[in-house]
Amino acid sequence: MDLLLRGVSHMYGDTQVLRDIDLAVGEGEIVCIIGPSGCGKSTLLRFIGGLERPDAGEVLLAGAPPAGSLNPLTYVFQDFALLPWRTVEGNVSLVLEDHGLSAAERRGIIDDVLARTSLSDFKTALPRQLSGGMKQRVAIARALSVRPAVMLMDEPLSALDSQTRELLMDDLVGLWQRERFTACYVTHNLAEAVRLGHKIVVLSRRPGRIREIVEIDRDLADRQQADAKLDAIQRDLWQLLRDEARAADRELADDTV
Amino acid sequence: MTLSDTSAKASAHGEPAGGEASPGAADTRLQPVPFRGGGFRPVRVRFVGLLVFAVILVLWEAGSQSGVISNLVLPAPSEAFEAFRQLVETGQLWRHLGASLQRLIVGWTLGMSLGVAVGLMIGLFSLARAGLMPLVSALFPIPKIALLPLFVIWFGIGEGSKVATILFGSFFPTVIATSGGVDNVDRSLVRMGQSFGLSWWSIVRKIILPGAMPAILSGARISASIAIILLVAAEMIGAEYGVGAFILMAGSLFATDQLLAGVAILSAMGLIVGWLIGRAERWLLRWRS
């Protein structure tokens, strides 16, 4: 299933946060959205998932969701959003309970998804017993359990320390290689974008517009080692973003004069 | 070689400088960092509470026995205990306690359930909040016992008026605790529920209600104490049986030993209710760190 954005614009009160966003996310592709803070990238993700409505433009789905998909557009949140009063399996179960599955079917899905994310040993643990990295793994398992067509990841690694972030990035790469999931991945971390994105969308300062779309055709598995080409891309991206920040600076000065 | 040079050398070898060293010597002496942390953290100390009780009782008993405390002013604990024993032996205790507990349980349970329901409505629906919150604020501070004569007219002189007093007394604090608890539920959890397509009812039942549970339980603590106070007050105004009626009767006969026994029963009721709610908290909120 493909995702298509056409002319998406949005205002919060008098300030325009997004202007004329056109974007396509193809099946099996990870599209990273980067931009300076406050450029509306999280807002854009909320539009894609149908949690908010844009003032103008449309978010379209092309084709039918894969068979058995319970929730085609599924989020992974920055703050994990696990229910603290439910165990790991209870948290996964939560999102399956409204779909009329039998208890045995639910148990089957939960066991399968926890095995795929190597969380089986933590089945009965409560969120407070888990580290940040484990919590986000549970949230990813929960997202996988509803067989999403597109995963909407809102800075999923931003709340983690840098070592855990590395580990989880490896996990995500491994997961993508096995499952070829489609994802919209919002981040402000360039290293993450270069490591995980097939396509990197650079947004400008507010009002957010697409400055550039960088495609990286190297396979995710081959991006582990130090790589001059990837480094160069990351440097270019930083250049773009730094210019954005500078431009914003000037804008502010113009505003006050 | 100057004096400060030697002291620097001494400190380099880890030896404290001598008594009459130069001003620089004081800086090089090894000292432990003064400890400034600790405190501000309650730790569980067992049996001290019991000990305080015991010491007060022993002093009181000794005072009464030796005549320092006049029997007219305050009967000895042993006398109060004797009165209590008689209550047990004559079977009066169960009659009074049974009547009181029945009123308390029925009134408080109804008040809590209605309070949680209305509190949830206020927390969830803007219209209910706009319409009911001012009403709650207006009615909460009214001492419910002042309305007892009205309740007697409305619900009859029997159990109805007493249960109603307790019901209203525990209803309002529960409403306020519940609606506050709903307001404090993490909205990102609600958004998560919506993003996974959970039904409205599922979100209320599985996210809002457990999230508001800590506030509801601390509301329960307050409303239970209010319920006991109102129970006694209502029984004092018009009841044949009940701990409040017993205390009133003892008071009017100046049977201070019986009065104290009755008061002790109330204390015990308060302690037991508090303990039960504590157990409920520990079980229902075991997910909290």
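Biologist: Is A:Arg86 buried or exposed?
Modeller: In this predicted model, A:Arg86 is buried, with a relative accessible area of 16%.

Biologist: Which side chain does A:Arg86 meet in a salt bridge?
Modeller: A:Glu97 is the partner, at 2.9 Å from N to O. A:Glu97 is partly exposed, with 22% relative accessible area.

Biologist: What about the pair A:Arg195 and A:Asp170?
Modeller: Their side chains also meet in a salt bridge, 2.6 Å from N to O. This pair links distant parts of the chain, 25 residues apart: A:Arg195 belongs to helix α6 (residues 190-196) of chain A and A:Asp170 to helix α5 (residues 162-179) of chain A. A:Arg195 counts as buried at 10% relative accessibility, whereas A:Asp170 is partly exposed at 34%.

Biologist: Which partner does A:Asp217 have?
Modeller: That would be A:Lys229, with 3.6 Å between N and O. A:Asp217 lies in the loop between β9 (210-215) and α7 (228-256) of chain A, and A:Lys229 is in helix α7 itself, 12 residues apart. A:Asp217 counts as exposed at 69% relative accessibility, and A:Lys229 is partly exposed at 41%.

Biologist: OK, the interface itself. How much area is buried between the chains?
Modeller: About 1800 Å², with carbon and sulfur atoms giving 67% of that. On the contact side, 19 residues of chain B touch 24 residues of chain A.

Biologist: Which chain B residues lose the most area to chain A?
Modeller: B:Phe196, B:Lys206 and B:Trp287, which together make up 40% of what that side buries. B:Lys206 is also the one bridged to A:Asp98.

Biologist: Changing topic: how many disulfides does the structure hold?
Modeller: Zero, over all chains. Take A:Cys32: the nearest cysteine sulfur is that of A:Cys184, 8.9 Å away, and that is too far for a bond. Both cysteines are buried, A:Cys32 at 0% relative accessibility and A:Cys184 also at 0%.

Biologist: How many residues are in the largest nonpolar core?
Modeller: It has 104 residues, and those with the most contacts inside it are A:Ile200, A:Leu237 and B:Ile207. Helix α10 (residues 200-237) of chain B gives the largest share, eight residues.

Biologist: What does B:Ile207 touch?
Modeller: Leaving out residues up to four places away in sequence, its contacts include A:Leu83 and A:Trp85 from chain A, plus B:Val185, B:Leu189 and B:Met192 from chain B.

Biologist: Last one: which element of chain B has the lowest mean pLDDT?
Modeller: Helix α1 (residues 3-12) of chain B, at 48, while helix α5 (residues 92-124) of chain B has the highest, at 95. Over residues 6-12 of chain B the pLDDT is below 50, and it stays under 50 over residues 14-19 of chain B. For chain B as a whole the mean is 88, and 91% of its residues reach 70 or more.

Definitions and conventions. Residues numbered from 1 in each chain as written. Chains lettered and ligands numbered in written order. Predicted model: local features only at pLDDT ≥ 70, side-chain atom pairs only at ≥ 80, totals over all residues. Heavy atoms only, no water. pLDDT = per-residue confidence, 0-100. Helix = DSSP H or I, 4+ residues; strand = E, 2+ residues; numbered from the N terminus. Contact = heavy atoms within 4.5 Å. Disulfide = S-S within 2.5 Å. Buried < 20%, exposed > 50% of the residue type's maximum accessible area, 1.4 Å probe, protein only. Core = buried A, V, L, I, M, F, W, Y, C linked by side-chain atoms within 4.5 Å. Buried area = accessible area lost by both parts, 1.4 Å probe. Salt bridge = Lys/Arg side-chain N within 4 Å of Asp/Glu carboxyl O.
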